[in-house]
Amino acid sequence: MPIENIPRTIWWEEGKVMLVDQTRLPLVGDVLVCNNYKGVCLAISTLAVRGAPALGVAAALGMALWVVEDSWDIYDHREFLRALDLVAHDITSTRPTATNLFWGAERIRRLAHDNKELPLDELRDLIVQEALAMQAEDEERNRAIGANGAELLAEGSRVLTHCNAGSLATAYFGTALGVIFTAHEQGKIERVWIDETRPVLQGTRLTAWELRVAGIPSTLITDSMAASVMKAGDVDAIIVGADRIAANGDVANKIGTYGLAVLAKEHDIPFYVAAPTSTVDLTIESGDEIEIEERDPLEVAGFTASGMFEPDSETATKAFDMLTEEGPYSMPMQRGHQMQLTRKGGAYQFDGWFRMAPPDVDIYNPAFDVTPAKYVSAIITECGVARPDYADSLSATCSGAGGLDELRKR
Ligand code: MRU
């Protein structure tokens, strides 16, 4: 299937963590090399790697990276575990909402504490192997979510999705998009409506790209168009991912999800949430306990753009070469716009931020919202499909799943 053409977003290579820089996709496909765990932290907070399941994998690989890069001068077990705990703390301090980040770090931390009698070399190896196993498990889970969710869709389905819950948001394959990929293979998908997902445009940049690569008919709309597309009778189901699901089935996901769920109820459209059990947080009773990340107001005040170009004349090439000979060149821009030029082989890359709002406007930028369980028709996990009442069905559906067992032990 053409989905296999989508690159992995995070992987381990020769003792380093490699990441496709999602802030610049799809027009620039840079691969970032993280040489130490602080680089992974930065990648998480700047959204170079994003999406709840991918954050769980990033947490685990980040800790493995600390183990292979920075722990060699530690010979004492207590000191090793104390330092590992601090690394886990740093990693989980990057973003507060997606529970997978905490789950990923906690699984590695607990593994280390449970095996503290091992010689340190063996313990280090165990941690790296566990992180790699978590990456492989995430892909397996997503493929199972895809199979479970596809059963809910009828032939000829027109599905609307929000944000990016695709391969890029996971170790591979995706959750909400995993359902769509699987249903597409079964010939069930007529069209996917993609919400652009302001302010960071994960729908425009990432979901639209993934669906195109996968060869699935899709149409991009702005977030405010979703209501009228539903009213016109052009949506048969909505499928989104999740960042954290409370024990009662309340779902935190990308800002704008709640509005879609209310609209879905009004138009009698099923509203499905697809997520691995590592996203379910049974330690909280309801969504009221979920911390919602507030991000930089500049995300709302303007937009970023990246791209590549080749000059069309020798004179232009000379001029750009001069500007960039000592490294990236920041253009002097007015009114707060920012623009940087970087030489990349024979071509150039531009990275810009362009202001749209007046400089002094007050801005509120919550990255997520919470959809009350009463609007959620079903939660699709790798273990099966949970239906209301979620207080019972979530734990029953997932009983025995690694993710939930881990959480219960907390
Ligand atoms: O801020 P982001 O891009 O990390 O937000 C991502 C989402 O909200 C996704 O829908 C969610 O993490 C599920 S990804 C499978």
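In which loop is Pro-26 found? I looked it up and found Pro-26 in the loop between strand S2 (16-20) and strand S3 (31-34); helices (H or I, at least four residues) and strands (E, at least two) are DSSP runs, numbered from the N terminus. The peptide bond from Leu-25 to Pro-26 is cis, with omega near 0°.

I noted the ground rules. This is a predicted model, where local features need pLDDT of at least 70, side-chain atom pairs count only at pLDDT 80 or more, and totals for chains, interfaces and linings use all residues. Residues are numbered from 1 along each chain as its sequence is written, and side-chain values use heavy atoms, with hydrogens and water left out.

Asp-389 has its place in the loop between strand S18 (384-386) and helix H12 (390-398).

I then turned to the ligand. I found 17 residues around the ligand (a heavy atom within 4 Å), and Arg-50, Arg-95, Asp-243, Asn-253 and Lys-254 are the closest. Helix H2 (52-70) and strand S9 (251-254) each supply at least two residues of this shell.

I looked up polar contacts (pairs of N or O atoms within 3.5 Å). A side-chain N or O atom of Arg-50 is 2.5 Å from a ligand oxygen, and one of Asp-243 is 2.8 Å from a ligand oxygen. For Gly-51, a backbone N or O atom lies 3.0 Å from an oxygen atom of the ligand.

Last, I read Phe-173: phi is near 85°, a positive value in a residue other than glycine. Phe-173 is in the loop between strand S4 (157-161) and helix H6 (176-185).

Note on methods. Polar contact = N/O pair within 3.5 Å; in protein donor to acceptor, adjacent residues only side chain to side chain.
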